[in-house]
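Biologist: Could you take me through this structure slowly, saying each time what a term rests on?

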Amino acid sequence: MKERIVLVTGGSTGLGYTAANRLKKLGYHVYISSRNEEKAAKAAAEIGVSYIALDVTDEASVIAAAEAIKAKEGRLDILINNAGIPGGYAAPADIDADTMRHVFETNVFGLVSVTHHFIDLLSQSDFPVIVNISSGLGSFGQVQNPDKIESKVNSLAYSSSKAAVSMLTVQYAKGLPNIKINAVDPGPTKTGNNFSNGMQTLEEGSDAIVKLATIDENGPTGGFFNREDVIPW
């Protein structure tokens, strides 16, 4: 079996970094990306993977990254759309359209841009997989369930962006049946300054990412999963 080639966007820190490290140890050929090439290079050296500069909000950067991987590898087997931002915390009444645009630019439009420009490379794979990092905060079922921690959080911009990621996953899975495409909720993970209130470790938070990235031909598509099982949309 050919060595599987993986790209993890936003892979220089947090969940992306941890997932990349775990996949590398499992024998995958991993690329991590960051908008800051120096950070990507440093992180890649630490865990022994490849890196590429890629700013998901800059289409020219996305195109250049796709061309670079095409020249080096000729294909991509697994795309992990991990790059995302919380966008700060404010009361819903204080959130304006510019705030929403800023969050959606990375979390939604960035995901679409990367997916769009890497589909040709994924089509060269014998078994292409996409994992979109969503959130329980984007799940209607989780945020409306009083027994879930997500119901205690009111994060208008971030939650809305992750709900969009979940629907993108369903629509991509329907429209691209040759690719296994799933959404993942890492769970409330402490990943650094941007997400500092989590309860899970990075290892726990990356469990679902690694699990869905390493599915076989009998694996699911068009689903939403956390580290335990399927979760509600």
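What follows is a conversation about the terms used for this structure and the values behind them.

Modeller: This is a predicted model, in which local features need pLDDT of at least 70 and side-chain atom pairs count only at pLDDT 80 or more, while totals for chains, interfaces and linings use all residues. Residues are numbered from 1 along each chain as its sequence is written, and side-chain values use heavy atoms, with hydrogens and water left out.

Biologist: Why is Leu-122 called buried?

Modeller: Buried means under 20% relative accessible area, exposed means over 50%, and partly exposed lies in between, with a 1.4 Å probe and protein chains only. Leu-122 has a relative accessible area of 0%, so Leu-122 counts as buried.

Biologist: What is Leu-122 in contact with, leaving aside its neighbours within four places in sequence?

Modeller: Contact means heavy atoms within 4.5 Å, and with those neighbours left aside the partners of Leu-122 include Leu-76, Ile-78, Val-129 and Ile-179. Leu-122 itself belongs to helix H4 (residues 97–122).

Biologist: How do you know that strand E4 and strand E5 pair?

Modeller: Two strands pair if DSSP finds at least two bridges between them; E4 (residues 78–81) and E5 (residues 129–133) have four bridges, in the parallel sense, so they meet that condition. Within this pairing, Ile-78 stands opposite Val-129 in E5.

Biologist: What is the order of the strands in the sheet, and why are some said to stand at the edges?

Modeller: Seven strands form an open sheet in the order E3-E2-E1-E4-E5-E6-E7, with parallel pairing. Strand E3 (50–53) and strand E7 (224–225) each have a single partner strand, so one side of each is left without a neighbour in the sheet.

Biologist: How does the span of H1 stand against the one expected?

Modeller: The expected span of a helix is 1.5 Å times one less than its number of residues. H1 has twelve residues and reaches 17 Å from its first C-alpha to its last, close to the expected 16 Å. The buried residues of H1 include Leu-15, Ala-19 and Leu-23, and what covers the buried residues of H1 includes E1, E2 and H7.

Conventions:
Helices (H or I, at least four residues) and strands (E, at least two) are DSSP runs, numbered from the N terminus.
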